Structure formats: structure tokens, C-alpha cells
Amino acid sequence: MRGVRWRRVVSQVGRSVAVWGVSTVTMLVLAGILPDFRLQSASGDSATRIAVTAAIGAGVFGLLSALVWPLLVRLLLLVPALVLGLLVFFLNGSLLLLALRLNPSGDSEAAPETAVIVAAVMSAVASATGGALAVRDDDAYRRRLYRLSDRRRRSLPPCPSSPGTVFLQLDGVGHDVLLAAVEKGLMPTIARWLDAPTHRLTPWRTDWSSQTGASQLGILHGSNHGVPAFRWYEKDSREVVVCNRPTSAVELQRRAVAHAGHGGLLTADGASRGNLFSGGADEQALVLSIATKRRSRENRSRAGYFAYFSDPANAVRTAMSFVAEAARETGQSTRARLRKQRPRVKRGGLYPLVRAFATVVERDVVVAAVMGDLLAGRTAVYADLVAYDEVAHHSGPHSRDAEKVLERLDRSLALIEKVAEHAPRPYRIVVLSDHGQSPGETFRARYGLTLGDLVRAGSGLPVPRGAERTHSGAEARAAVRAALHIPVEEGGERHRPSRRSEPIVLASGNLGLVSFPDVPHRMSKEEIDARHPALLTTLANHPGVGFVLVRSEEHGGVVLGAYGAETPLERLDGDPGPLEVFGPGAADVVRRTHTFPNTADIMVNSAYDPADGEVLAFEEQIGSHGGLGGAQAKPFLLSPLAFSAPVGDGETLAGAEHVHRVLRRWLREADGPQVPIEADEDERAA
């Protein structure tokens, strides 16, 4: 304790000296700029004497501000607010004039109106510097939150004695990545929980669509039925649904609530922070599914930003970290380009700002909101921290850049754990992820064309010249000519169908979706073959494609692979065919997705190399998720031993809906929010 106390004293002294130094420099700069403010005699002084004069003046002004200002504020409490607002500037200027008079050199002076300006600038700079240095210290940041929460808690009813539960989602952190980070010492908080042990670590398996939209909808609302990918085309509405688009999130949440039959995981005294969906929580901040609604007292999606940045110290803390993170990304991407690292994707333009927002702004706001929820005694909190997922997409899931993010996320967990110790009720902290990420170069980087180009070539449609010249493009065109009995010569007029009949090709990581918008129903293999005889063969035989799913009039649904492999869905258990390399559970999730009403006409999963765990993203990402193959489908669930085991020995935790049932059971064990009791029967049946 004595060592900790001394470190705090040294830290405070260091901050005071730093503020004094910055204030001195500010005074020197202002003396050089403003004509009516000087720090030297009329005959001139040496630079050393001027610097000493500025240091003494800044020090005296700082002491007067610290000692006299609180007394002045108390005396002015009865002054009307408008008058007080004007008096503040004049009183601050008066303190500066007094400081200059007390300066032993006697050479400094300022006109009264100039003193007001100098005092205002110096106060702002000193406040920003002191606040930045203090709030970079997690202890100081935590103590300030305690003070703020004490004020808020006085207006709230007493908390129950039963434990609350905090669910912290580390977006995109796979089970294997977490274990590797613990072994490398990157996440000491997680390591301590596992070594104690106070927590158990359980891997779980995602659905085919291994991405936040499907996983979080299933976890928070108990149903992700009808979500085949991150983005897909719906034929009935003729619109593209995107999980992180506010209007789409609203509709997806509405469908999930209707399908599950209850409001969600957080329906009673819950808080949802930084998520795509609300989970039925009354307290919501930075929740996408309510972002389109008109703001009201009940709708506070953006309120989290305003609440956080209304504190100037928070604003300084985050602004400095934001600039540092953007500069860090610029340096890292430049170094990767100079070293010609492979695989690599473009990271210029606005991306440094996007990364800084995800890794700094959103993290700080969400963590502050969670700590506020703990200190307010809320029963259940679910928050999403997206920092790792954003960085891993562009730097790679095992990169040093991503590991640095994991270190900072672990510090956030430690901070939340410390705050929980001062909460008005005990808390149990659950950490989980919604999916992992699989490494690998992009489909375009390896083959020189996109999935869209390959589909167009296989359909006999014109493609960009660059794609035409690739080996894959040439093979696709040859396959089309052979299927249609067209001579190999390039001459002659090409068939150009109307734009409305051209396929829509969408990508969700290494999962591709092909839809024909002019056909109102989901097309069958037979219909596609009649219309584009070479398309399915072109896709299934491409080395970058692992398998293709289509509806079949004869078999209901079939999985297509290379060399003419065609396996009906009902026979996948005995003969997995192209799915064998994707491991256990692949057949189950493919069959389930086949039943969705919005499954695309053609579902394309990229190839997967189990030797190195790599996939080929159809998007520009070197760390991807969204389909089958590798670590992307193996997230984790880290739970306190106080809760019952997620699954029995030898059982597999499979699917986001299964995770929802486990979390709901834990809330009942902790006497938390109650959702329909009949759900217990669903869990036993599952």
C-alpha cells in the first residue's frame, strides 16, 4: 500500500510539473504574439531571464487559480447565471494581473483586456493538459467515475442484493486467438481468471453465417432465422439487406422478436451498449436498431456519445488517443507497404480515422457506459467492443497490430473488473465473442478477378478487361462456349441480357451470394442450368471455391463441388462430399441455412486450406469471417464458475440461439431478468 501511495504522489507531482511547463510555454508564446503583454523590461532582457519570469508568472497564476478560484466561485453562487458567465472572464484576468504584480522581476505587465485573453487561454491549456495527463491514468479515470456515479446513485432506488451480470463481447476474437494471447502474456486479466480459476473457457460453433449480425441477433434475441449472411438480396422487397444498416437492423430485430416470442435477453432492467440490436433493454446507448427512430427519453441510442463527451476530461482523453491511433495506423500501414508484406490490402483514405473511431472512441464510450451501469446497479448489461475485429480485417488476425489491440482490450476488462468491486451489488463478468476470423489473401488478389467477375463470365456476360485476361476468366468463357456450343473464335455478337436479369453478387467475408432479381422465387439448379448452362460448373470447379449450395427440384437441395461432385443435403451425414474439409457441424448449418426464406439462388463458400487455416475472402480483407472454414466459426464463451456449465461433458455449444438459451439460464440462476419460462423446454429439446 505504501508503494502504491508513493507512486500516486510521484504521479501527481509529475503531472503538476508538466502543467506548469506547458503553462510557461503558453505564456511565452502569448507574450510574443500580443502587443499589450510583455515579460521583459523596456530595455530588453536575456532569454533566460524572460523564461524565468514566465515560469514564475505561470506558477503564481496556477497557485492563485487553485487557491483563490474556489472561494470566488462560492461567493458568486448568488449572482445570476448570465452575469456570472461574464464575471468569470474578468475575475480570471484579474488573477493573472495579480500574478504579474507578485512576480519578483517586476518587469511583466499586461493591459486589462489583454489579461482577460491571456488568462482564458492559459486556463484552457492548463485544464486540457492536466486533464489529459490525469485521465490517461486508469486509476484517476476510475476515481472520477466513482464521484460521478455517487451523485447519480443518490437519485436511484436501492439495488437488490442478488448478483448482476455483465456480458462483454470481444468482437471477432476467436477461441484460438484468445488462448494464444493468454500464452503470450498479452491478456493478463483473462489469464488470471483462468489460472485462479474463477472462470471456465468454452468454445462454441457459429452458424454458417459467422458474422456479428447473425450471431448477435441470435444471442440477444434468441432467433437468427432468416439471416443467411451479412448482406443479401430479398426478392419480395427488391432490396439489399445489410446487418449494420440501421433500417435493416430495425427490421431484423422485429423479425427475431416475432420468431422467438419474447423481447430478448435484457428485457428487465437491462442495458445494451454498442450493439447492433437492443436485446429488449430499456437502457440503450449506441444501439444501431434504434438509431433511425426519433429521439426521445426512451430512445437514447446516441445519448452515450453526448453523456461521455460532456465531460471535458473524457473528451481530452479520447481525442488524444484518437490522434495517436490514427498516426499509429498510418505508420503501421506504411511499414507494411515498404516491407511488401503479403497478404496485404489497401489501408489508405479514411481508414486510419475509421480504425481510430472503432479502437478508441467506441471503446471509450462503451466502457464508460458499462462502468456507469455497474455503479448504477443494473441487473444485466451486454456490450460489444469492436476494436479487434476492425484491425484484424486489415492487418490480419495474428498480426502485431491486432495483438496490441488485445492488450488494450484486456486493460478495459481490468478497469471494468475494478469498478465492479465498488458497485452497489456483486457482479459476475461473462466475456464472449460472436465469431473468430480466418486469415488468408483475398480471392481477387490470388486469381485477378472478383467473385462477381467470375459469375458474369460463367453467365456469358461481359466482364472487365483485366478479368478477361486472367486464367480464371478465360476458363469461364471457354466453359460458357462449350455449354452453349459457341465457336471458340472471339468474333460475333454477344448476347446481352437486360440489366434487370443480370445476377446480383454480394459478398460476406468468404461467403458469396448470387441472386437473379427478375425471378421472384428462389431458382432451382435445373432452372439455373437452363438459363446459364456453364455457371454452376464454373463456380463449383474453380480452385478458389470450396462448395456451392443450390435448391434442387429433384433432391430439395444439393451441395456442388469440383469434378462434378453433387451431394443431396439429406445424404451429407453419410457422404459429406465437398463439406468434409470444413469439419463437424458443417452439414447441419448448411442444411439450416437452406431452409431460410431469403437464402440466395446460389450460395458460394470459398475454398479452405486446413493446413494453414486460410480462406479466400470475397471482400478486401486479409482477416475475414462470414462463412465456413477455420477459426472464424470458433468463438469462445468465458464464464464464471458460479454459473452452471454451458453444456454437458462431450456436448457441443452450437449456434447463437443455443448461446442465448445458456445466457438466459444464467440470468435465471442469478435471479435476473425473466423471459418466458416455457423457453426451458426449448433448451432441453435443443
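Lys-184 counts as exposed, at 54% relative accessibility; exposed means over 50% relative accessible area, buried under 20% and partly exposed in between, using a 1.4 Å probe and protein chains only. Before I go on, this is a predicted model, where local features need pLDDT of at least 70, side-chain atom pairs count only at pLDDT 80 or more, and totals for chains, interfaces and linings use all residues. Residues are numbered from 1 along each chain as its sequence is written, and side-chain values use heavy atoms, with hydrogens and water left out.

So what does Lys-184 pair with? Its side chain meets that of Glu-403 in a salt bridge, 2.5 Å from N to O. By salt bridge I mean a side-chain nitrogen of Lys or Arg within 4 Å of a carboxyl oxygen of Asp or Glu. Glu-403 lies in helix α15 and Lys-184 in the loop between α7 (175–183) and α8 (188–195), so the pair ties together parts 219 residues apart in sequence. Helices here are DSSP runs of H or I, at least four residues, numbered from the N terminus. Glu-403 itself counts as buried, at 13% relative accessibility.

Now please look at helix α12 (residues 312–338), where Glu-325 and Arg-328 are three residues apart, separated by about one helical turn. They form a salt bridge too, with the closest N and O atoms 2.2 Å apart. Is Glu-325 buried or exposed? Glu-325 is buried, with a relative accessible area of 1%, while Arg-328 is partly exposed at 33%. Both belong to a network of salt bridges that also links Glu-329, Arg-347, Arg-355, Asp-401 and Arg-408.

Definitions and conventions:
Helices (H or I, at least four residues) and strands (E, at least two) are DSSP runs, numbered from the N terminus.
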